[in-house]
Amino acid sequence: MSALVLAHHRISPTERLKDAAAVAFIALLLGIPMIGLTTIDQGGALRIATRWPALLAFIAACFVGRLLLRYGFDQLRARKLAREQAAAAVRDRNLAASPLLTWVGWGALGVSLALPIVFTDNRYVVDTATTVLIYVMLGWGLNVVVGLAGLLDLGYVAFYAVGAYTYGVLATQLGWTFWQALPVAGAMAASFGIILGWPTLRLRGDYLAIVTLGFGEIIRVILVNWTELSGGPNGITSIPRPSFFGLPFKPPGDDPTFASFFGLEYSPSHRIVFLYYLILALALLTNLFVSRMRKLPIGRAWEAMREDEIACKAMGINARNVKLSAFAIGAMLGGFAGVFFAARQGFISPESFTFNESAIILAIVVLGGMGSQLGVVLASLVLVLLPELGRDFAEYRMLLFGTAMILIMIWKPGGILAHREPTLRYLATTGDKR
Amino acid sequence: MALALQQLINGLTLGAVYGLIAIGYTMVYGIIGMINFAHGDIYMVSAFIAVTVFTLLATFGISSIPLSLLLVLLVAVLFTSVYGWTVERTAYRPLRGSTRLAPLISAIGMSIFLQNMVQLTQGARVKPIAPVLVGGIDLLTVDGFTVRLAYSQILIVLVTIALMAGFTWLITRTSFGRQQRSCEQDRTMTALLGINVDRTISLTFMLGAALAAVAGVMVTVYYGVVDFFIGFVAGIKAFTAAVLGGIGSLPGAMLGGLLIGLIEAFWAAYLSAEYKDVATFSILILVLMFRPSGLLGRPEVEKV
């Protein structure tokens, strides 16, 4: 039986060559206008430049690549088929139900707690880890809107911006501290979430997507142009850094500082490490908050709304409140992340809040597996570290980033941790496979 | 009054371009129900091809304007549709039948890829070309303000009208059009009736890309400068146009495009140029509040 299947999938070498030749032909068509030809600015006028060797190399790479890829895929498929037939009975290995993921989660927590202790002197590692955690927090926030409530939001960065600018303005113009501004900024972002949510209550799917995208752009354009409040394109500079319960991270002076209070020698890495633990705590709180919310009636209503809005309404769930609360809570979490971002950078400008940022946060949620908290962590690691690792070939890093997004999606269309654990099970044995 | 007329002309020109791009969004959305985020970048690729071909023609000494325009259009449409086909084949087809968000993310990835590919291969700087179509007709002069109808604007509007007519014929009268509409309604049933659904979808992408290619060439002729970032803004505007008109509806896409073009032109002239994007999106939100499926879109009836 398995031999039969294998024979069925065997493709003759001529066919393989033909297939690769077709790919090479497409590569030729794609390559001519972009790789083969280019225009160079010469004294104000454009001049044609040719790069035929590069085009030839590109076509050859496509030809060989296709041959190898096809061969590899066919081998894999044949092997997978054979294996599936052999072991059809032992299917349904349930990854999420296994305790493995829980252990991975605790392990990740341990690693993140120990990281700054191990790498105290390596500022770069701690900084990168802080960036990862900002994205984790944003991902968890957006997960409420997209993953749990199923509302596609393409303008999440707007709330991040609202949080960041609220702190920026309050701190630089009214002298508020980080801890005073944090709840205010969260409330501010939440009310913006409601402002966005209100007119879009009746919209579904992609209509909602474009409205949220437009909302993100509106906020950005306002930030660019409302110079008196936001500083315009120049942004807000010298935003105060957070202090440790009133103890600033400064070289020793007259006032007690963090270092002098604890009798430590002053080191600039104190602040870096403190910021790291601060965002870690914020992110963990977010996680705890969201996973608790999921167990409350409102959280269940979110997930029910995602699955079937009409059924929900028929059951007497108030769709308006459920949607608005998802928007508000998601926005609030984004706002908190924004405050932290402003405090950490000390400088914010509309540049940091473009659509690309929204796209990356959404990609984190979807790549991680919608609704999966650990998936968000994995995806943020991938999406933040990928461009960092690509620093050596800086020109190509965004190219690789785009390619990776496509490839991960094709490889795992449901996200890295695709399996969703149902909040409630009808019967203990009913597996939920989505 | 004169200013209003001028803005009407400018707005219609801009709107025609948005409309051409919006049709690509609307068709793709209609047939596979996804937002093709890379569509704006396809348009940008076409603009770059147009720049290259214009320069090439100038090198060969072809100076006849109609001939060079025709050649550029032909070449740009040809190569850009190959791009459209490839994008669908590599990034979207493997994801058919998966969740709704998967192709969206893949499309965003493709958009990032295309932008950076063009930036790497063609350079990050703005490329200005020698003006192709100069001059225009002075319509009237009021208080020293001359209303001018540029030849390039006439070209854009005429080409758009011709394309819309051809396209309407293609969709409503031909066998391909029937297949395309049938795929929009029910892909499984269409496949059961012996129609190659994959081929129809591929052709839809190529057609959408071809229209975006025409828009790209037109914009290159109109503005005379391109850079690798133009696809993003045009893409968002065109998508807004498609949604405003009612996504899935071809006349809706054109109507939406024209409306957005006009709103932008008038807002920029009379209120504030900085906030024209805010105006566009606010009007979109307002329209959707009262007509959740766009101006010409049919409301989705959901059976329980």
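Chain B has 304 residues and a radius of gyration of 19 Å, which agrees with the value near 19 Å for a compact globule of that length. The radius is taken over C-alpha atoms, and the globule rule is 2.2 Å times the number of residues to the power 0.38. This is a predicted model, in which local features need pLDDT of at least 70, side-chain atom pairs count only at pLDDT 80 or more, and totals for chains, interfaces and linings use all residues. Residues are numbered from 1 along each chain as its sequence is written, while chains are lettered from A and ligands numbered from 1 in the order in which they are written.

The model has an ipTM of 0.85 and a pTM of 0.84. For chain B the average pLDDT (the predictor's confidence in each residue, from 0 to 100) is 88, and 98% of its residues score at least 70.

| Property of chain B | Value |
|---|---|
| Box filled by C-alpha atoms, along the principal axes | roughly 65 × 50 × 35 Å |
| Residues that count as buried | 52% of 304 residues |
| Contacts with a separation of 6 or more that join residues 24 or more positions apart | 76% |
| Secondary structure | 11 helices and 4 strands |

A residue is buried if 20 or more other C-beta atoms lie within 10 Å of its own, exposed if 12 or fewer, and partly exposed in between, with C-beta atoms placed from the backbone. Contact requires the C-beta atoms of two residues, placed from the backbone, to lie within 7 Å. Helices (H or I, at least four residues) and strands (E, at least two) are DSSP runs numbered from the N terminus.

Between the chains, 54 residues of chain B are in contact with 47 residues of chain A. On the chain B side, the elements giving two or more residues are helices H2 (39–60), H3 (65–92), H4 (101–122), H9 (230–245) and H11 (276–290). H4(B) gives the most, with 15 residues. This side has 36 nonpolar, 13 polar and 5 charged residues; Ala, Val, Leu, Ile, Met, Phe, Trp, Tyr, Cys and Pro count as nonpolar, Asp, Glu, Lys and Arg as charged, and the others, Gly among them, as polar.

The centres of the two domains, taken over C-alpha atoms, are 40 Å apart. Leaving aside neighbours within four places in sequence, B:Val214 is in contact with B:Leu20, B:Leu73, B:Val77, B:Val159 and B:Leu163.

Note on methods:
Domain bounds come from an automatic or database domain assignment.
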